[in-house]
Each structure stands twice: as structure tokens, then as C-alpha cells.
Amino acid sequence: MEERQPQWDATQSRILDAADQLIERRGVHGLTVAELARRADLSRPTIYRNWNDSDDVVRAALLRRVAGILNSFPAPVPSRSALVDDVMRFIAMFRSDALYGRLLDDEPEAFTRYTLHRVGSSQRMILGWLAAAISAAQSGGSVRAGAPEEMAVMLLLIAQSAVLSHGTVADLISETAWERELRCALDGLLRP
């Protein structure tokens, strides 16, 4: 299940940097290969040598953001409480990321299309990270027995649902209460 973190060469990074700037400024609607080429100061054929279309570039830009967030978690943690802390920190970093934040706030339908309609590379990368962390915490005895990969799927579903629905319930629950209740849900899933 674990997805390796991709490597991007200098040209691909330049294209992804251009995509980041365009998405942060105006979202994903209407993003074209021509705009990407202009912003990256490259030709359209160069974009097409690396990706099929602008949609593929957006997916790669979002994947790069997830990889960047996951890089701040260098090793699996040994306990359930540390794992829940890491998941909550990942969620906070994800929500505050300029690209994901823009999609969540202004284009929730695009967020759903790029992150929830299929299990793509970003989700597989997150699932691999979660499964490794669950396995490490199981070794310490603070996480219940079970297949780490299956538990990782449920953790991801809980976290994605909470993040996507956050704006909908913001008038019903304070930020502090939302975090507390999400923490309890994650801990409850993992508790022996």
C-alpha cells in the first residue's frame, strides 16, 4: 500500500511551482497548459512531455504538497498518543497549506474531485505513513491488534471527513471542541 515519494527534476519542479502560484491565486478552474507554460517560461510541448494535461499537473502539485507535509514526520512514533498527535498535526498542516486551504475554502468541489473521488498517489502516500505509524505503535502495545493497512484506511476516512466537513459545522462546534472530538475519535479507533 505504501506509495514512494516521487522525485521531480528541475523542469518538473518549475512547472509545479507555476501550478502552485496559479492555484493559490485563482484556484484550479480554467487552469490551462498554456497558462502553465507562460508562468513557467517553458513551451507547451515541454509541459506535455511531463504530463498529459493541466489536470495531471494539478494532481502532481497536490501530491508534492502532501509529500512536503509528510516529510515533517521522519519516523513512525511508538505510541497511540503520539500517533494521534501526529495525525492532528498533519491535519493542521494540511488545512493551513496554501493550495489545500484554497481548495477547501473556495473550491470544495475541486478538493473533492482531486482528493476523494479515487484513491490516488497522495492518499496512498498518507496511507503508507499511517500504516507504518500504526504498526510501530502496535509493537509498543498502545494500539489494538489488527491489520495496520485496514486501520489506516479508517483513520484516513475519519480525518478526510472531518477536514472536508469542518466549514459546514463551524457554526455548531468551536475549533477547540472540533479538535478535541476529532482527537477522541482517532484515539477511540486505535485504543486496545
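Helices (H or I, at least four residues) and strands (E, at least two) are taken as DSSP runs, numbered from the N terminus. The structure is a predicted model, in which local features require a pLDDT of at least 70 and side-chain atom pairs count only at pLDDT 80 or more, whereas totals for chains, interfaces and linings use all residues. Residues are numbered from 1 along each chain as its sequence is written, and side-chain values use heavy atoms, with hydrogens and water left out.

The pLDDT (the predictor's confidence in each residue, from 0 to 100) averages 91 over the chain, with 96% of the residues scoring at least 70. Confidence is lowest in helix α7 (residues 108–115), at a mean of 79, and highest in helix α10 (residues 175–190), at 97.

In helix α2 (residues 33–40), the buried residues are Val33, Glu35, Leu36, Ala37 and Ala40, where buried denotes under 20% relative accessible area, exposed over 50% and partly exposed in between (1.4 Å probe, protein chains only). The cover over these residues includes α1 (10–26), α3 (44–50) and α4 (54–70), contact being defined as heavy atoms within 4.5 Å. Asp41, which follows α2, has a positive phi, near 60 degrees.

Thr46 is located in helix α3 and counts as buried because its relative accessibility is 12%. The side chains of Thr46 and Ser43 are joined by a polar contact of 2.8 Å (a pair of N or O atoms within 3.5 Å; within protein, one must be able to donate a hydrogen and the other to accept it, and residues adjacent in sequence count only if both atoms are side-chain atoms). When residues up to four places away in sequence are not counted, Thr46 touches Thr11 and Ile15.
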